[in-house]
Amino acid sequence: MTDGMPMLRAVKDAAELARLTAAGAAADSVYEQIVQASFAGRREREVAAELAGLLRRFGHEQVDFTVVGSGPNGANPHHEAGDRVIEPGDTVVLDFGGLMFGYGSDTSRTVAVGEPGPEVQQVHDIVRRAQQAAVDQVRPGVSCQQIDRVARSVISDAGYGDKFIHRTGHGIGVTTHEPPYIVEGEEQLLVPGMCFSIEPGIYLAGRFGVRIEDIVTVTDDGGRRLNNTSHDLRVVD
């Protein structure tokens with residue numbers, strides 16, 4: 001599926017990796033800041049605007065997306081923040097990123113407004129395990145589709161296979177979405193310097209969603225996350 005010119009951009013040199021690492025660290029700082037804020041009683045678009053402001057404060061020259069999917073809106077992976085008022089008991093999917101020094105960031109975490117119920121915690125644990133298993137699989141010579149298969153198998157084995165409704169990841173560089181794509185059918189083999197997201201999720205229509213996303217770069221003998229905030233289900237006000 002991926003060949004020719006796009007792959008020339010897929011492998012990053014040391015200078016590019018340094019910029020992607022800095023962008024990832026800035027996005028992590030944004031997350032650590034936003035979870036200090038109150039969520040309950042605010043509209044999704046208000047939280048999204050705060051995320052955008054924080055991205056700029058921490059060095060991004062361009063904001064590409066600030067997804068805030070609360071409650072049932074979190075079950076839409078591509079939800080755009082709207083006027084829904086976030087309520088106590090909601091699960092909220094946060095997915096945000098943009099360009100810093102000309103290179104992309106993209107991270108997702110899911111937070112609970114107040115103590116989460118047992119099903120939310122269970123689903124979050126499954127997604128966390130799927131994401132970890134996929135990251136652990138990253139190393140040179142492994143195909144892109146194999147990373148997708150590993151993440152998907154954890155979620156399928158837990159009984160939620162039909163609720164994981166998008167690809168596991170996408171490349172990132174001078175744009176926030178580019179080849180290679182971490183999806184079934186993509187036979188491109190990983191090589192050191194490639195950078196891409198690993199972002200499995202579970203989406204329960206009409207109820208809630210959970211997604212955990214890090215940018216990962218391929219090293220000589222494995223993979224390294226460019227996002228390092230906790231994968232625990234964070235409880236916010």
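The charged end of Arg152 sits over the ring of Phe164, 3.9 Å from the ring centre; this description requires NZ of Lys or CZ of Arg within 6 Å of the ring centre and within 35 degrees of the ring normal. The model is a predicted one, in which local features need pLDDT of at least 70 and side-chain atom pairs count only at pLDDT 80 or more, whereas totals for chains, interfaces and linings use all residues. Residues are numbered from 1 along each chain as its sequence is written, and side-chain values use heavy atoms, with hydrogens and water left out.

Side chains of opposite charge can pair when their charged atoms come close. A salt bridge is defined here as a side-chain nitrogen of Lys or Arg within 4 Å of a carboxyl oxygen of Asp or Glu, and by this rule the count comes to 15 salt bridges. One of them joins the side chains of Arg45 and Asp83, at 2.5 Å from N to O. This pair links distant parts of the chain, 38 residues apart: Arg45 belongs to helix H3 (residues 44–57), and Asp83 to the loop between strand E1 (62–70) and strand E2 (91–100). Helices (H or I, at least four residues) and strands (E, at least two) are DSSP runs, numbered from the N terminus.

Buried means under 20% relative accessible area, exposed over 50%, and partly exposed in between, with a 1.4 Å probe and protein chains only. Arg45 is partly exposed at 43%, and Asp83 is partly exposed at 44%.

A further salt bridge connects Asp214 and Arg225, at 2.7 Å from N to O. Asp214 lies in strand E10 (residues 214–218) and Arg225 in strand E11 (residues 223–225), so the bridge ties together parts that are 11 residues apart in sequence. Both Asp214 and Arg225 are buried. The salt bridge between Asp162 and Lys163 has an N to O distance of 4.0 Å; Asp162 is exposed at 57% relative accessibility, while Lys163 is partly exposed at 30%. Arg9, Lys12 and Glu178 are linked in a network of salt bridges.

At the start of H2, a side-chain oxygen of Asp13 reaches to within 3.2 Å of the backbone nitrogen of Ala15. The buried residues of H2 include Leu17, Leu20, Ala23, Val30 and Ile34.

Technical notes
Polar contact = N/O pair within 3.5 Å; in protein donor to acceptor, adjacent residues only side chain to side chain.
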